[in-house]
Amino acid sequence: MERTVRDASLAQVALSTVRVRGVHVVPVRHHSPAIARATAALIRAVRPRLVLIEGPSDANHLIDALTAPDAVAPLALLAYRQPQARQASADLAPEVVFYPFCDYSPELVALRTARELGIEARFCDIPAAAVLEHREATDEAPSPTDESPAPSASAEPAPHAPEYRLSVYDRVAQRMGFDDSEEWWECLFETALRDPNELLLRTFEWGQLVISDFESSDYDALRNAYMWKRVEESGVPPEQIVLVVGAAHAAAFALPDFRAEHDPNHPLLQARPADFVLMPYSFPRLSEQLGYGAGNRAPQFYQDAWEFGSLEDATLATLTRLVNSMKLQGDVASHADAIEAFRLAKQLAALRGKPQPGYRETIDAAIAAFGRGQAERVEKPLKRLMIGERIGRAPQSEVQPPVQAEFYRLAHELRIPIKDDPTDLRLNLAEPHAVQQSIFLHRLAVAQIPFAELQSGEAATYGQMARLREKWRLQWTPLTDVALAEASVYGNTLREVATRKIEPRLAQRDTLVRVSAAALEAVLCELPELYGTALQALDEASIRDADFASLARAAYQIAGLIEYGAARAVQQEMFEPLLQRVYTRACLHLLSSSDCGEDEARAVGEGMQLLHELAHKLPYLETGLWMENLRETVLSERAQAYVVGMGLGLLGFMRARDEELWRCAKRMLSPATPPEQAAQFLEGLLHAQSGAAARSRPFVQTMHEFVMQLPDALFLQALPMLRRAFSKLSNHDIHYLTDNLLRIIDDDVAAQAEVEAEPLLSREELEHIWAQLAWMES
Amino acid sequence: MQADVIRAPVEARCQEELQRLQAWDTYPKPAGWNLSPRAVEKFILGDADLNIKPKYIGDRDRIQVAIATLASDRALLLVGEPGTAKSWVSEHLSAAICNDSKLTIQGTAGTTEDQIKYSWNYALLMAEGPSDRSLVPSPILTAMREGRIARFEEITRCVAEVQDALISILSEKAIAIPELERIEYAKRGFNIIATANTRDRGVNEMSSALKRRFNFVELPVLSDLQQEMAVVRQRTQEMLAEHELQTDISNELVETLVTVFQELRQGQTLDGEQKVKTPSTVMSTAEAVSVLFGGCLLATHFGEGVVNGQHVMRLLVGAIAKEDKSDLEALTEYLETVAKKRDGRVWKELYETHRWLKSL
């Protein structure tokens, strides 16, 4: 398909379109291909002397770069200021505001058209510095996904309140019977109005509808007055000016009582200046679906509409590309499916009263024709095709991208050495300053910036976290700067980049181990905005996991998270219910997991010890539930021998003098039990309670009887396992075991002497047997 | 007719509504359709102004895709879990579009190609030889002749060779009758609505060639609590009336039962705060109706006539464990981690019986 940009076909645009006090006003909705086409058509038709555009007037020096031939959209003007604060903090990021542009942004189209025709073009909105000042004054902390309040967003009059911005447009849309404003715009404007005149007039009317529903703030009034003042002070006759502004602004200018008066000494206009950088932007960032403002849910889809001329063509292009995308993910798909899907999309559009299929019809048709009714089959490839992966290219970048600037500033403030020789840095996390250093370094690591490497082993264990100490190896290389510049595509700050790196890992349906690791990273990077997602991901992963050992480890890690929480703003009550659930699931899965092979039994045993510790240590966990399930498992006939031994040890049966448990122990050490199993049982028991076992004469008696009754061949066969079992004994335990054993042997010898003239085995021989079992490993 | 039969066809039961829609309908109709696509949409989804009761409560977009598909020449396949109203929607779409929902083939392992295309009256065949009189058209052939909708229920239960007989019908819109030396072409308005159960795939999967002849629309399980409660209560009471029984059913019991079903089905609590394990068995609205109705029978014949959590729990165990006994683990876990913490008489009754489960 030939890819050419098609402007409106009208050679002349009627000069009776929106005029306000003689000025040609182009009321726009941002990132609208239809409006962009109409904008270009109007400028060509009017051929003004001056084009004024809603944009930061302190960024006019970047217009040439923005419209340079080698500048490739999407691009963004980034305005930023360094914060003013006393203490260094990993969260003290620059204040930023983005002004994104793509090929079908009416503002960029206006700039490019003006340049092409040799017409002067200027931004006329309040300076970005004033926007930043306003944010700071209203104490509005921008979210990691918050973008410019000004032209990058839709043409709302009060963009400083994102939640309000949505409700105005959606309210208007819902009043007219649509689900949301995106669908409403596409149905009534983007697909329906081909004539640019009519489109601009209807857009202006929409602007009037919006401002009638909304009470203007002082901030809006300042912006409107400031913009119109640029018109009045331009020195150009009104009929030779084209003013490209959001529809609501256009409607405000046309109000009978509108005045362009404002206080030139308004505090916002006296704000300390902002710095600018023109930087690449990306379609994923532009997409509303990723939580960024700017209201463009499918940048690539609308790019196709811009390049191919209509939404119908964009629909066809998307469905055609979907064939290969489906094949790449292993699905069966053909161009026949694309044809059928396109036909269905057109039918749906007719049913919904739209002249052309658009975003929703494309998705619905793809699900029906390609996805066999299942949205999840087409979701990923469609998202990639409709959002796109395009990254722009700026012709020059005079100032460091914000993430890079933040790195050097924070490294200086946090006293982190930047050297090209490896340097070790030890942190004691009991100190607040060290905590900030730790957060900064963990965020760099998660953002995959090659600079800092954690040396004290994998800090994903309870033990690591409990010690609250970290050792890092630091080394700067040129790759550090390259990675920092690249990371700016993912966020304005290291915090944002780290969030974007971790969030998808939590969203994937991965194993409990991996999800736990991602959750831990979120805690180590202190990203409380991810804690809710981490909780859900951990919950879901633990549901899918029926393995006791895995659940027990996860419970232990979550307990560690809670322990570590004091240093990372983790609230115990947030993770406590999750820990209770994972703990309960682990308890309930012990019995089924105990029926396992020898190799798995070690992991189950380790899990039993972890869970036993938690059950007795944390008061909000139900100890009774664990003990009940432990007992049931031990007494179950299908439990593996090592697990039974471990369980008996944890139950403390020797001290408890529990008849039923004693019978179980004797059964495991009876002649009928295969020696390998008995050895595994002993190993588990001694692993759990070696001290108590060694001190318990009745138990030592039972062990002794078991060993003595083994035929020579079986004894030799079981010897390696028995040695392994007794290898867990400490010197202290051996002392008690020896003492008990010698007394038992003495009694045996004496008993034998009463029956026989000579004992079958001498005392030395008996001692020699035991020596082989235990002392050789000590 | 309705007084004499157990269940009249939709076009008879909803005759007045269809007539009202026809009187209202000024939109263009595809060839062979009684109503326009917009009017069909109103019949299915309801319209308060025209006093049309909703036949399907759910996502409007899915119904629109289904209707738009039938307006093209591609066939429609409704897929979903058991008990998600696939046959119900198929029946009502047919009635709305062509005023006839009876041209139906029921797919089973024993369905043959004759039942899809045509068969013969063998007595006449032997007496007269092949003729129009001796030909017994299938519902599909009838639909082709008259430009109507044919329905094919549980298509995946048929063997692959029989399913594939549809490929040429859906591609060429024609059936060859060699015995009569002619080809019958479908009139405009002909289309096929098939249904398939995503849980139980039946004898064979559909071939890729056949799948490509359909647009698929999945009908999901009801996710709105109040809607599902209303369906469960209404349907249970209808069944009790059919059996001439009167049992008290408290709202608390219905709400608790439906909540259990929804939470186990969705794999999380309704407030979204906690994940729960989902059993492998179907947890459809139809199952919920069955459990509640069974509980009512227990209460009536072996209890005091008031159904409570204990009655329901006994049926619930059977409903969950019917395919795999290990699914009881999911129920046990749910009771320990969720039900135990909830207030309410019925929740307590459900939890207290869980120890009885352990003896199973």
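This is a predicted model: local features need pLDDT of at least 70, side-chain atom pairs count only at pLDDT 80 or more; totals for chains, interfaces and linings use all residues.
**Figure 1. Where chain B meets chain A.** Here 36 residues of chain B touch 36 residues of chain A, and the two chains bury about 3,000 Å² between them. Carbon and sulfur atoms account for 50% of that buried area. One salt bridge to look for is B:Glu333 with A:Arg585, where the closest N and O atoms sit 2.9 Å apart. On the chain B side, the elements giving two or more residues are α3, α4, α11, β9, α16 and α18. The top contributor there is α4(B), with eight residues. Sorted by class, this side of chain B has 18 charged, ten nonpolar and eight polar residues.

**Figure 2. Chain B by itself.** Chain B is built from 18 helices and nine strands. Of its 360 residues, 52% are buried. Among its contacts with a separation of 6 or more, 70% are between residues 24 or more positions apart. The accessible surface comes to about 16,200 Å², with 49% of it on carbon and sulfur atoms.

**Figure 3. A:Glu186 and its partners.** A:Glu186 is part of helix α6 of chain A, residues 181-190, and at 1% relative accessibility this glutamate is buried. Its side chain makes a polar contact of 2.9 Å with the side chain of A:Tyr302 and another, of 2.7 Å, with that of A:Lys354. Beyond its neighbours within four places in sequence, A:Glu186 also contacts residues including A:Arg297, A:Leu311 and A:Tyr359. Zoom out and A:Glu186 belongs to a network of salt bridges, whose members include A:Arg29, A:Arg352, A:Lys354, A:Asp364 and, from the other chain, B:Asp61.

**Figure 4. Helix α14 of chain A and the A:Arg352 pair.** Helix α14(A), residues 359-369, is mostly covered, with ten of its eleven residues buried. Among the buried ones are A:Tyr359, A:Arg360, A:Glu361 and A:Asp364. A:Asp364 forms a salt bridge with A:Arg352, with 2.7 Å between the closest N and O atoms. A:Arg352 lies in the loop between α13 and α14 of chain A, twelve residues away from A:Asp364. Both A:Arg352 and A:Asp364 are buried.

**Figure 5. The loop around A:Ser310.** A:Ser310 sits in the loop between α11 and α12 of chain A and is buried, at 10% relative accessible area. A:Ala34 is 276 residues away in sequence, yet the two C-alpha atoms are 8.3 Å apart. Leaving out neighbours within four places, A:Ser310 contacts A:Arg37, A:Arg194, A:Ala305 and A:Gln356.

Figure 6. Over all chains the rule gives 67 salt bridges. In one of them, A:Arg321 meets A:Asp304 at 2.6 Å, N to O. That pair joins helix α12 to helix α11, 17 residues apart. A:Arg321 is partly exposed at 28% relative accessible area, while A:Asp304 is buried at 0%. In another, the side chains of A:Arg631 and A:Glu660 come together at 2.9 Å, N to O. A:Arg631 is in α26 and A:Glu660 in α29 of chain A, so this pair ties together parts 29 residues apart in sequence. A:Arg631 is partly exposed at 27%, and A:Glu660 is partly exposed at 36%.

Key
Residues are numbered from 1 along each chain as its sequence is written. Chains are lettered from A and ligands numbered from 1 in the order in which they are written. Side-chain values use heavy atoms; hydrogens and water are left out. Contact means heavy atoms within 4.5 Å. Buried area is the accessible area (1.4 Å probe) that two parts lose on being put together, summed over both. A salt bridge is a side-chain nitrogen of Lys or Arg within 4 Å of a carboxyl oxygen of Asp or Glu. Helices (H or I, at least four residues) and strands (E, at least two) are DSSP runs, numbered from the N terminus. Ala, Val, Leu, Ile, Met, Phe, Trp, Tyr, Cys and Pro count as nonpolar, Asp, Glu, Lys and Arg as charged, and the others, Gly among them, as polar. Buried means under 20% relative accessible area, exposed over 50%, partly exposed in between (1.4 Å probe, protein chains only). A polar contact is a pair of N or O atoms within 3.5 Å; within protein, one must be able to donate a hydrogen and the other to accept it, and residues adjacent in sequence count only if both atoms are side-chain atoms. Accessible areas come from the Shrake-Rupley method with a 1.4 Å probe; for residues, only the protein chains shown count as cover.
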